[in-house]
Amino acid sequence: MELDVFIIQTLINVLIILGVFSALAGFTTYLERKVLAFMQRRLGPMYVGPYGLLQVLADGIKLFTKEDIVPTNSIQTVFKLAPVILPASAFIAFAGVPFLPDMEIFGVTFQPLIVDSNAGILFVLGMMAVGMFSPLLAGLSSGNKWSLLGGARTAIQLLSFEVITGLSVLAPLMLVGSLSLIDINNYQIENGWLIWQQPIAFFLFLIAGYAETNRTPFDLLEHEAEVVSGYATEYSGMRWGLFFIGEYVNMYIVAFLTVLIFFGGFGEGTFVDGLLYLAKVFFFIFLFLWTRAAWPHLRPDQLMWLTWKVLMPLAVVNIVITGLVVMF
Amino acid sequence: MFETIAFYTFSFLTILAFAITVTTKNVLYAMSSLAGGMIIISGMFFLLNADFLGVVQIIVYTGAVIALYAFAMIFFDSTKDIVETKTGKTFFILTVLSSVMLVLILTIPMASGQVEALYPIHEGVGNAQDVGMVLFTKYLVPFEVAAVMLLVAMIGGIIMAGKKMDKNLTEIKENEE
């Protein structure tokens with residue numbers, strides 16, 4: 001590829017990821033409130049704009065203009081830096097996710113993927129894990145007991161669910177034989193969706209994904225009824241908003257990864273396939289919201305029980321069986 | 001050109017991060033810059049086309065440093081500065097001398113051009129495959145020994161932490177009082 005074409009493509013990709021997905025993150029907050037309201041027989045946001053559509057804008061203005069409070073007893077630099085880590089690592093992780101199939105525009109093949117590395121999926125998962133430094137540092141630097149508890153919960157949750165994500169992805173990867181997300185996608189064109197071969201891995205991956213993005217059944221880090229607001233207690237204004245942008249972008253990454261690994265991704269890459277790809281991704285975003293409406297959250301000890309006594313043994317057994325099948 | 005710019009940026013950031021780790025008095029600054037430095041080092045691996053090792057660097061050190069944070073949380077109040085007990089001049093000079101020695105020992109082979117790549121990257125084969133080949137043929141024994149060591153450490157950990165695991169901690173205290 002020509003160098004100038006490469007630079008322009010990368011710039012376009014970066015702008016799309018930063019622009020579209022941070023906007024989508026905002027829009028998802030609106031979707032979330034509407035879906036929750038629908039499931040709980042309420043109306044949700046209705047007053048600002050038609051069907052409350054401009055609520056996102058109003059929230060944005062509110063977050064940006066709110067007073068930015070930095071507590072005196074906090075460790076200032078780390079306190080200010082912590083909220084940046086989560087969205088930054090989420091956007092960097094997106095560099096490894098193909099968010100659309102290859103497109104032909106004006107005779108130039110445009111690949112909507114910044115790095116097609118041969119360790120693609122590991123890169124995405126690793127960068128997502130780096131994002132967990134954000135609540136941890138926020139909790140430790142706030143100088144507040146609730147925040148500290150939130151930070152401590154981050155440490156346990158990350159250490160336990162990293163294991164589950166890694167082990168659950170391993171079994172499908174053994175079948176595919178490559179770490180590149182493009183290769184995983186191409187494998188499924190010939191062999192059918194991987195969910196039919198790896199149903200257990202799919203459920204484990206989804207559960208671990210919910211825990212890593214800190215979504216409802218596992219939102220121990222900031223559960224209001226127990227630890228006020230966890231790591232985010234001392235944050236206000238846009239610093240608080242950054243945590244949420246990061247969380248929602250991470251949700252999109254998990255949805256994209258689930259579709260790519262288990263649901264055939266974008267297949268052969270025709271226009272219809274591209275649309276189906278996005279439709280599948282949005283179904284998984286919807287599933288995130290649905291779960292939030294339907295499920296109560298777990299206690300920390302139940303979470304540990306679930307991780308180490310149920311999910312991890314299941315994942316290991318799954319790998320052993322897959323290994324035997326691949327070998328014989 | 002991109003490689004040169006990236007190399008110098010990453011080296012500068014790495015050195016800066018670790019300098020902060022060594023010089024700061026605050027536990028939280030030290031831990032955070034350590035984590036940052038460890039993650040920035042992965043940039044070097046990516047520059048050398050060793051994607052797999054770069055990613056492994058990120059994943060392993062994220063987990064490892066988070067475990068360190070957990071210890072820091074248990075043992076220190078992270079909002080207060082740590083007062084060093086050993087601040088003598090001899091101590092300082094010895095530290096500097098030994099680190100200079102270490103740097104010399106590691107860089108002299110490179111300066112004399114005696115370093116060769118034993119396992120260069122194969123075109124068309126992923127990093128993961130390359131690493132796997134070397135790990136499971138030439139370095140099989142160290143690999144297995146490391147695995148056994150980890151197993152021993154894990155069993156030890158379980159036994160140390162697992163006393164009275166079948167009883168509820170709150171109930172034990174109530175009975176004693």
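**Close-up views of a predicted two-chain model**

Of the 177 residues in chain B of this predicted model, 23% count as buried. The legends below treat chain B as a whole and then selected sites.

**View 1. Chain B is built from seven helices and zero strands.** Read from the N terminus, the elements of chain B follow the order α-α-α-α-α-α-α. When contacts in chain B between residues at least 6 apart in sequence are considered, 50% of them join residues at least 24 apart.

**View 2. B:S42 sits in helix α2 of chain B, which spans residues 27-47.** The relative accessible area of B:S42 is 4%, and because this is under 20% the residue counts as buried. A polar atom of the B:S42 side chain lies 2.5 Å from the backbone oxygen of B:I39. Residues up to four places away in sequence set aside, B:S42 touches B:G54, B:Q57 and B:I58.

View 3. With a relative accessible area of 6%, A:V78 is buried. The C-alpha atoms of A:V78 and A:L137 are 6.8 Å apart, while 59 residues separate the two in sequence.

**View 4. Helices α9 (residues 199-212) and α13 (residues 300-327) of chain A pack against each other.** Two packed helices are described by the angle between their axes and the distance between the axes. For this pair the angle is about 145 degrees and the axes are 10 Å apart. The crossing of α9(A) past α13(A) is left-handed. On the α9(A) side the contact involves A:I200, A:A201, A:L204 and A:I207, and these meet A:L311, A:L314, A:A315 and A:N318 in α13(A). By class, the contact comprises seven nonpolar residues, one polar residue and no charged residues.

**View 5. The largest nonpolar core has 100 residues, and residues of both chains are among its most connected members.** The members that touch the most others are A:F94, A:F133, A:I253, A:F256, A:F262 and B:Y69. Helix α11 (residues 237-262) of chain A gives the largest share of this core, 15 residues.

**View 6. A:F262, one of the core residues that touch the most other members, is shown with its surroundings.** Which residues is A:F262 in contact with, leaving aside its neighbours within four places in sequence? They are A:P172, A:Q188, A:W193, A:L194, A:I195, A:Q198, A:A201, A:F202 and A:F205. Among them, A:A201 also takes part in the contact of α9(A) with α13(A).

**View 7. A:R41 and A:Y51 lie in the loop between α1 and α2 of chain A.** Most residues other than glycine have a negative phi. Phi of A:R41 is near 60 degrees, a positive value, and A:R41 is not a glycine. A:Y51, also not a glycine, has a positive phi of about 55 degrees. A:Y51 has a relative accessibility of 61% and so counts as exposed.

Conventions:
Residues numbered from 1 in each chain as written. Chains lettered and ligands numbered in written order. Predicted model: local features only at pLDDT ≥ 70, side-chain atom pairs only at ≥ 80, totals over all residues. Heavy atoms only, no water. Helix = DSSP H or I, 4+ residues; strand = E, 2+ residues; numbered from the N terminus. Buried < 20%, exposed > 50% of the residue type's maximum accessible area, 1.4 Å probe, protein only. Polar contact = N/O pair within 3.5 Å; in protein donor to acceptor, adjacent residues only side chain to side chain. Contact = heavy atoms within 4.5 Å. Axes fitted to C-alpha atoms, helices over the stretch in contact; angles between N-to-C directions. Left-handed = near helix turned anticlockwise from the far one by under 90°. Nonpolar A, V, L, I, M, F, W, Y, C, P; charged D, E, K, R; others polar. Core = buried A, V, L, I, M, F, W, Y, C linked by side-chain atoms within 4.5 Å.
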